[in-house]
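Here are my notes on this model, as numbered points. Please read them with the structure open.

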Amino acid sequence: GKDVVQSPQENMLSSAKTGETMQYETILYDVRHGVLTITLNRPERLNAFTGTMSQELVAAFDAADADDNVRAVIVTGAGRAFCAGADLAGGAETFSRAAAEGQVPRDIAGLVALRIFRCLKPVIAAINGPAVGVGVTMTLPMDIRLASTEAKFGFAFTRRGIVPEAGSSWFLPRIAGISRAMEWCATGRVFGAAEATQGGLLREVHAPEALLPAATALAREIADNTAPVSVALTRQMLWQGLGQSHPMEAHRLESRALYARGKTADAAEGVTSFLEKRAPNYPDQISTGMPDFYPWRDEPEYF
């Protein structure tokens, strides 16, 4: 696929969803050979999270889903941190937000987490350094987390007088189990990559210089060997399946998806390429090839 490489000076992207051109201020967007790398890019502030970063991450995932050249997404940080959490430059008023009458303002980290949850491309976190607060919770709806030996983690909310955000009270117990999730969130302490791996938060840990190559190799394995529509459906089946009450719900959905996909040129190519012992060339694209029953569940309204 085509490559898009954007420097801070020319980091422009036309959003396929809105048709508007967006100037990114806090992230970098770089597509190479089917793999999009989103880099949190406020290294002078340890990539601390802001309202602008929230908006730009949502826009980047909109663009990724709309671009058939993007087969997998890697999220990493510039400099020595992944993300040090919310930018506390506002001092004591950092977490105090005005509310419209009768309406609770939405958690802006939650908007990012919900957008990643809806993503149709697999998402890999390459956590290159400290990931604290939203710096770690934003990775929870990502599919696979790799980290550098330099990475540290902290669900520090109770130590700042607030509570977990970014949907982490839903995601974290499903990843680490309720006991470990409660320990990490109740203490708010910072812990290293070894504990994060033992607790199920990380797939593996790499030397700093090996982290991005490892994440890219994993993304390439997906991009080079799999049918993009099948990956998109599988991602949503697995994530949304976490809320199902009985395996019959999964059986119904899988039956529909197998029936729809089994009639496609992708399914024929998957079998033929295997029998012919060659690399597959899947013709279906996410932009035009999703089955008519997707989405099978609408996102609940916020109120």
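1. Start with a helix pair. This is a predicted model, and in it helix H2 (residues 108–118) packs against helix H8 (residues 228–241) at an angle of about 125 degrees. Their axes lie 9 Å apart.

2. Which residues of H2 and H8 make the contact? H2 contributes Ile116, Phe117 and Arg118. H8 contributes Arg235, Gln236, Trp239 and Gln240. Sorted by class, the contact of H2 with H8 holds three nonpolar, two polar and two charged residues.

3. Leu140 deserves a look next. Leu140 sits in the loop between helix H3 (134–137) and E8. Is Leu140 buried or exposed? Its relative accessibility is 0%, so Leu140 counts as buried. Leaving aside residues up to four places away in sequence, Leu140 touches Arg145, Phe155, Ser168, Phe171, Leu172, Ile175, Leu201 and Trp239. Trp239 is also one of the H8 residues in the contact with H2. Phe117, on the H2 side of that contact, has its C-alpha atom 9.3 Å from that of Leu140, and the two residues are 23 apart along the chain.

4. Now the overall inventory. The protein has eleven helices and eleven strands. Of its 303 residues, 45% are buried. Among contacts with a separation of 6 or more, 69% join residues 24 or more positions apart.

5. The sheet. Six strands form an open sheet with mixed pairing, in the order E3-E4-E5-E6-E8-E11. E3 and strand E11 (204–206) are the edge strands, and each pairs on one side only. Neighbouring strands are turned against each other by 20 degrees on average, direction ignored. Helix H1 packs on this sheet and touches E3, E4, E5 and E6. The direction of H1 makes about 15 degrees with that of E3.

6. Pairings within the sheet. Strands of a sheet pair through backbone hydrogen bonds, either parallel or antiparallel. Strand E3 (residues 27–32) and E4 are antiparallel, with six bridges. Ile27 has Leu40 in E4 as its bridge partner. Two residues lie between the strands in the hairpin of E3 and E4, and His33 there takes a positive phi near 50 degrees. On its other pairing, E4 runs parallel to strand E5 (residues 72–77), again over six bridges. Thr37 stands opposite Ile74 in E5. Strand E6 (residues 123–127) and strand E8 (residues 144–148) are parallel too, over four bridges. Ala126 stands opposite Leu146 in E8.

7. How many of the six residues of strand E4 (residues 35–40) are buried? The count is six of six, so E4 is largely enclosed by the rest of the structure. In a regular strand the side chains alternate between the two faces of the sheet. Here Val35, Thr37 and Thr39 point one way from E4, while Leu36, Ile38 and Leu40 point the other way. Both sets are buried.

8. A last point on connection. E4, helix H1 (residues 51–66) and E5 make a β-α-β unit. What is the handedness of this unit of E4, H1 and E5? The unit is right-handed.

How values were computed
Residues numbered from 1 in each chain as written. Predicted model: local features only at pLDDT ≥ 70, side-chain atom pairs only at ≥ 80, totals over all residues. Heavy atoms only, no water. Buried < 20%, exposed > 50% of the residue type's maximum accessible area, 1.4 Å probe, protein only. Pairing = 2+ DSSP bridges. Right-handed = clockwise from strand over helix to strand, strands pointing away. Axes fitted to C-alpha atoms, helices over the stretch in contact; angles between N-to-C directions. Contact = heavy atoms within 4.5 Å. Nonpolar A, V, L, I, M, F, W, Y, C, P; charged D, E, K, R; others polar.
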